[in-house]
Amino acid sequence: MQQDSNRTPRRILITGGAGFIGSNFVHHWCNSYPGDRVVVLDALTYAGNKQNLASLASNSDLKFVQGDICDRTLVDNLLESEDINTVAHFAAESHVDRSIIGPGAFVQTNVVGTFTLLEAFRQRWNKREQPQNDRFLHVSTDEVYGSLEADDPAFTETTPYTPNSPYSASKAGSDHLARAYFHTYGMPTIITNCSNNYGPYHFPEKLIPLMCINILLGKPLPVYGDGQNIRDWLYVEDHCRALDVVIHRGKPGETYNVGGNNEVKNIDLVEQLCELMDELAVDLPVSPSKKLITFVKDRAGHDRRYAIDASKIKRELGWTPQETVAGGLRHTVKWYLANRDWWQPLLSDEYKSYYNQVYS
Ligand code: NAD
Ligand code: TYD
């Protein structure tokens, strides 16, 4: 993003900043705005990983705090002691399959946790005499809009909410709270609803990293159902750029859909990953890796298709994605090939037990 010489420095609290998108956003912010204070609050659940921020360890603008967004005292203290004027809220339980096995954690973090942050921010914002430049960015998902049929138009900001999984229902609940805090209290909240992201630091249980890693290990590639489900993929750095633009130029009280206009069937995506791996990896245990593709029992309530209409953020804020799916997937595959030391330790006993529960 173009630097504005009159830009007011921000003191930003990034929740979930040790997770996949949150950590990419921390890197983006620290690189783009040196001198801004960046405070990361992350509980380091199974999905959080301090290694994602390791290359920023010597950055004195950045502070990492391990803690729960549901801990009101901790959040109050951080907002006050760090004089926070901006929140970028990523922390969440984020995996649909885990929400099917155990929905309670999703309600706790996604609904109660978001409520706790909103309340703490409201108190702080009031004490600070309600500066209109402060921002509370609530990062959400396109899954709140439910599932599309093949010929339906893509989701717009006015598509009615129809969440189908405990994950998307809990995100929908948190979106409604963020919206209500603008309408009721005038608090400068903004919501973004983004499509499926991919890229570096993506935890190994999600589709793209799972397939890359299983190919390297010679393990089956589990494709749910008939593999015809469609997702709209966005490279994570494009998402970070969109959130940056929304914080700086978005209008409080608004919602912005963010997406790559890259609808791909799951089976086609997996085949593309196989081809890339066959080209880029050496000594694969099974080659060609397409031989590993295995159709498995479908996910309960599996949404058929997601597609985002991102014309509002383009029209109003000038954001468009810069990465193509072909280019983004190539970067991503190369990253997983070059960063075995990052993902290997994540295949822990907890991961294996989760994996057996879902796939056996
Ligand atoms: P992730 O699961 O990789 O990371 C979540 C992070 O939140 C982890 O670091 C975890 O430790 C932390 N966390 C969880 N519970 C916490 C708690 N109670 N207190 C503090 N920290 C806690 O998730 P992600 O894929 O990076 O997604 C980030 C956000 O973006 C989520 O809100 C998600 O709903 C949204 N989103 C994700 C996608 C996607 O494709 N991954 C797409 C659109 C929107
Ligand atoms: P996922 O990465 O879990 O994202 P989401 O469910 O939030 O869209 O899954 C992306 C798609 O890939 C989704 O349609 C489910 C499918 N999928 C598989 O077919 N096999 C798998 O092992 C996983 C994890 C996902």
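User: Where in the chain does Asn 261 lie, and is Asn 261 buried or exposed?

Analyst: In this predicted model, Asn 261 lies in the loop between β11 (255-258) and β12 (263-265). The cut-off for exposed is over 50% relative accessible area. Asn 261 has a relative accessible area of 64%, so Asn 261 is exposed.

User: What is the phi of Asn 261?

Analyst: Most residues other than glycine have a negative phi. Asn 261 is a residue other than glycine with a positive value, and its phi is near 55 degrees.

User: Tyr 201 also has a positive phi. Where is Tyr 201 found, and is Tyr 201 buried or exposed?

Analyst: The phi of Tyr 201 is about 70 degrees, although Tyr 201 is not a glycine. Tyr 201 is found in the loop between β7 (197-198) and α6. Buried means under 20% relative accessible area. With a relative accessible area of 17%, Tyr 201 is therefore buried.

User: Which residues line the second largest cavity, and how do they divide by type?

Analyst: The second largest cavity has a volume of about 40 Å³. Its lining is made up of Phe 20, Ala 47, Asn 49, Asn 52, Tyr 201, Phe 203, Trp 342 and Leu 346. By type, these lining residues are six nonpolar, two polar and no charged.

User: How many cavities of 30 Å³ or more are there, and what is the volume of the largest cavity?

Analyst: Rolling a probe the size of a water molecule over the atoms shows where empty space is left. The count of cavities of 30 Å³ or more comes to two. For the largest cavity, the volume is about 50 Å³.

User: Which residues line the largest cavity, and how do they divide by type?

Analyst: The lining of the largest cavity includes a run of Arg 299, Ala 300, Gly 301, His 302 and Asp 303. Val 96, Glu 143, Ser 165 and Tyr 306 also line this cavity. The lining divides into three nonpolar, three polar and three charged residues.

User: Where is Arg 299 placed, and is Arg 299 buried or exposed?

Analyst: Arg 299 has its place in the loop between β13 (293-296) and α9 (311-317). The cut-off for buried is under 20% relative accessible area. The relative accessibility of Arg 299 is 18%, so Arg 299 counts as buried.

User: Which residues are closest to ligand 2?

Analyst: Ligand 2 is surrounded by 18 residues. These divide into eight nonpolar, five polar and five charged. The closest are Glu 143, Arg 231, Arg 299, His 302 and Tyr 359.

User: What polar contacts reach the oxygen atoms of ligand 2, and what percentage of the accessible area of ligand 2 does the protein cover?

Analyst: A polar side-chain atom of Arg 299 is 2.5 Å from an oxygen atom of ligand 2, and a polar side-chain atom of His 302 is 2.7 Å from an oxygen atom of ligand 2. On the backbone side, a polar atom of Leu 207 lies 3.1 Å from an oxygen atom of ligand 2. Ligand 2 on its own has 510 Å² of accessible area, and the protein covers 97%.

User: Which residues are closest to ligand 1?

Analyst: The shell around ligand 1 divides into 13 nonpolar, twelve polar and three charged residues. In total, 28 residues surround ligand 1. The closest are Ile 21, Asp 42, Ser 94, Tyr 167 and Lys 171.

User: Which backbone atoms lie by oxygen atoms of ligand 1, and what percentage of the exposed area of ligand 1 does the protein bury?

Analyst: A polar backbone atom of Ile 21 is 2.7 Å from an oxygen atom of ligand 1. Taken alone, ligand 1 exposes 840 Å², of which the protein buries 96%.

User: Which element gives the most to the shell around ligand 1?

Analyst: Elements giving two or more residues to this shell are α1 (20-32), β5 (135-141) and α5 (166-185). With three residues, the one that gives the most is β5.

User: Which residues does a cis peptide bond join?

Analyst: Most peptide bonds are trans. Here one bond has an omega of about -5 degrees and is cis. Pro 288, found in the loop between α8 (266-280) and β13, is one partner in this bond. The cis peptide bond joins Ser 287 and Pro 288.

Key: Residues are numbered from 1 along each chain as its sequence is written. Chains are lettered from A and ligands numbered from 1 in the order in which they are written. This is a predicted model: local features need pLDDT of at least 70, side-chain atom pairs count only at pLDDT 80 or more; totals for chains, interfaces and linings use all residues. Side-chain values use heavy atoms; hydrogens and water are left out. A residue is near a molecule or strand if one of its heavy atoms lies within 4 Å of it. A polar contact is a pair of N or O atoms within 3.5 Å; within protein, one must be able to donate a hydrogen and the other to accept it, and residues adjacent in sequence count only if both atoms are side-chain atoms. Accessible areas come from the Shrake-Rupley method with a 1.4 Å probe; for residues, only the protein chains shown count as cover. Helices (H or I, at least four residues) and strands (E, at least two) are DSSP runs, numbered from the N terminus. Ala, Val, Leu, Ile, Met, Phe, Trp, Tyr, Cys and Pro count as nonpolar, Asp, Glu, Lys and Arg as charged, and the others, Gly among them, as polar. On a 1 Å grid over the protein atoms alone, a cavity is a set of points where a 1.4 Å probe fits but cannot get out, and a pocket is an open set with protein on both sides within 12 Å along at least five of seven lines; lining residues have an atom within 4 Å of a point. Grid points are joined across faces, edges and corners, and a volume is the space filled by probe spheres set on the points. Buried means under 20% relative accessible area, exposed over 50%, partly exposed in between (1.4 Å probe, protein chains only).
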